[in-house]
Amino acid sequence: QGQLVESGGGLVQPGKSLTLSCSASGLSRDYYAIGWFRQAPGKEREGVSCISNVDGETYYTDSVKGRFTISRDNTKNTIYLQMNNLKPGDSAVYYCAGDSWSLIDVQAMCRLGPTPQSAYWGQGTQVTVSS
């Protein structure tokens, strides 16, 4: 059974940085787009940043533009989310998700979530930004 495994979460002070990693292994199908989603208590899930595995197109939600950077290392089947200048509002469980639908659009995936029939999800990693 394939899986996505996130790591790198933790407790940091406002203004500091964290880098999240998501490693893919044993997937039965390649993913065409992959990204980071987050959910804070009492809030809806939000697409943070997504990247195409075809042409590298990226998408960022407005609240993280200029602070977060998504990247991929296909040799390691790993994507990263570099998070700088973290704010308390960034506190959430961060999930990695991929979509194996060949026609998936990166922006649509981040705004609406991966296609249910072709989605892979990780187990999540907690990020807490607090002084």
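Predicted model: local features only at pLDDT ≥ 70, side-chain atom pairs only at ≥ 80, totals over all residues.
In which loop is Asn 77 found? The residue sits between β7 (68–73) and β8 (78–83). In it, Asn 77 has a phi near 50°, a positive value in a residue other than glycine. The relative accessibility of Asn 77 is 41%, so the residue counts as partly exposed. Asn 85 also takes a positive phi, near 50°, and is likewise not a glycine. Its place is the loop between β8 and β9 (92–99). With a relative accessible area of 41%, Asn 85 is partly exposed.

Five bridges hold the antiparallel pair of β1 and β3. Within that pair, Ser 7 has Ser 21 of β3 as its bridge partner. Strands of a sheet pair through backbone hydrogen bonds, in either a parallel or an antiparallel sense.

Strand β4 forms pairs of its own. β4 and β5 run antiparallel and share six bridges. Phe 37 is bridged to Gly 47 in β5. The hairpin of β4 and β5 has six residues between the strands. In this hairpin, Gly 42 takes a positive phi near 80°. β4 also pairs with β9, again in the antiparallel sense, through seven bridges. There, Ile 34 stands opposite Gly 98 of β9. β4 is mostly covered, with six of its seven residues buried.

The nonpolar interior was examined next. In soluble globular proteins, nonpolar side chains tend to be buried together. The largest nonpolar core in the model has 26 residues. Ile 34, Trp 36, Phe 68, Ile 79, Leu 81, Met 83 and Tyr 94 have the most contacts inside it. At least two core residues come from each of β3 (18–25), β4 (33–39), β5 (46–52), β7, β8, β9 and β11 (125–129). β3 gives the most to this core, with four residues.

Tyr 94 illustrates these contacts. Neighbours within four places in sequence are left aside here. Beyond them, Tyr 94 is in contact with Trp 36, Phe 68, Leu 81 and Met 83, among others. The list also includes Glu 6, Leu 20, Phe 37, Arg 38 and Val 48. A second, separate core has nine residues, including Phe 37, Ala 97, Val 106 and Met 109.

A search of the whole structure finds two aromatic pairs. Phe 37 and Trp 121 form one that is tilted. Their ring centres are 5.3 Å apart, with 55° between the planes. This pair links distant parts of the chain. Phe 37 is in β4 and Trp 121 is in strand β10 (residues 119–121), 84 residues apart. Phe 37 counts as buried because its relative accessibility is 1%. Trp 121 counts as partly exposed because its value is 34%.

The other pair joins Tyr 95 and Trp 121. The ring centres lie 6.4 Å apart and the planes meet at 80°, so this pair is edge-to-face. It too links distant parts of the chain, with Tyr 95 in β9 and Trp 121 in β10, 26 residues apart. Tyr 95 has a relative accessibility of 23%, so it counts as partly exposed. The cut-off for buried is under 20%. Phe 37, Tyr 95 and Trp 121 form one aromatic cluster.

Notes
Residues numbered from 1 in each chain as written. Heavy atoms only, no water. Buried < 20%, exposed > 50% of the residue type's maximum accessible area, 1.4 Å probe, protein only. Core = buried A, V, L, I, M, F, W, Y, C linked by side-chain atoms within 4.5 Å. Contact = heavy atoms within 4.5 Å. Pairing = 2+ DSSP bridges. Phe/Tyr/Trp six-rings, centres within 6.5 Å; stacked < 30°, edge-to-face > 60°.
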